[in-house]
Amino acid sequence: RDMGVTFTDARDRSHAAYARAKTALEHAPVPDGALRASVFVAPGDVIPGVDADDGFLRGHGTRTSMCGTKLIATTAGVVERVNKLVSVRGLKSRYAPETGDVVLGRVRAISGKRWKLDVNARQEAVLQLSAVHLPGNVQRRRNDVDELNMRGLYAEDDVVSAEVQSVYSDGAAALHTRSLKYGALKRGQLVRVTPTLVKRLPQHFHRLQLDTGEEIEKGVNDVEILLGCNGFVWVGAPSSATAPRETEIRREPNDVIDDLNAANESVYERQRENIARIANSIRVLAELFLPISPPAILDVFNASAESGMAVKDMLSQGFLTRVLEREVERRVASDP
């Protein structure tokens, strides 16, 4: 708390200032009691709190010592305990699918009535033809014609939002898009971050209102963000995924006419700038290894706009230092 952090110039590129801000952040108080109780270990560290007399079960990321009475970490991460099972969850690792997770994936292959998607996991996820809506929301059995028209729904390199329906025995995820909010994503960009930075939330689809004054009711400059549990974050123009049910008509999924209109609909210059600034705000949080959430993204967005920082300069050393300073001030102020 007495580190003396006094950085005010958002364009300061001093590596020494950045190092001092990072040290201050590491020593800043953590208001969340759950985070305060977390134990971080490095490879070779002895995991504290493990008593051989009481017994323990060795989980992922651990090994027993030569004498068999101590548990040693084999990876860098956070110690997790479930009854007697002790494991280490890596800070940077591949996504481990869980049923009910909202994920974003890129189509890599189409074959055998299924799409194979890259979801940042150890194996590609599978989206069966029977797990998607047909054009017009027709409810019937899929036939050979539907299989031939699969590329009309999702083609290679398309970004798709989906939900994990189940997990196969080999660890691969089975996805589905049987909802109006899931489907192909267009008019935006995909940002890839470490999966551990994206927490599981009640809502992963958000529409950020960035308009001011009379433009608030129009929403022409709004930006939608889709936070995938697998570390894929979509930033783009608002679509049916985040449309308010009371004020906007939500289209039927994979409606061909609607897709053509959306593809031809232009994105205004200011909205494109907002999309790029929001995407770089997410990259800033990922660079500093800070949790990614809508409030945190908006805080970085506002900080860059208030300081007059250009979008292309948001990943500079000076602005990263400024974000660290704001995080230190926030943690110090929230400390009881």
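Trainee: Before I count anything, what counts as a helix or a strand here?
Mentor: Helices (H or I, at least four residues) and strands (E, at least two) are DSSP runs, numbered from the N terminus. By that rule the protein chain has 8 helices and 16 strands. This is a predicted model, in which local features need pLDDT of at least 70 and side-chain atom pairs count only at pLDDT 80 or more, while totals for chains, interfaces and linings use all residues. Residues are numbered from 1 along each chain as its sequence is written, and side-chain values use heavy atoms, with hydrogens and water left out.

Trainee: OK, which residues touch the most other members in the largest nonpolar core?
Mentor: A nonpolar core is a set of buried (under 20% relative accessible area, 1.4 Å probe, protein chains only) Ala, Val, Leu, Ile, Met, Phe, Trp, Tyr and Cys residues joined through side-chain atoms within 4.5 Å. The largest one has 32 residues, and Val233, Val235, Ile278, Ile282, Ile292 and Phe319 touch the most other members.

Trainee: And which element gives the largest share?
Mentor: That is α6, with 6 residues.

Trainee: Switching topic, how do α6 and α7 pack?
Mentor: Their axes, lines fitted to C-alpha atoms over the stretch in contact, lie 9 Å apart at an angle of about 115 degrees, where angles run from 0 to 180 degrees between N-to-C directions. The two helices are therefore roughly perpendicular (65 to 115 degrees) to each other.

How values were computed
Buried means under 20% relative accessible area, exposed over 50%, partly exposed in between (1.4 Å probe, protein chains only). Angles under 35 degrees count as roughly parallel, over 145 as roughly antiparallel, 65 to 115 as roughly perpendicular and the rest as oblique.
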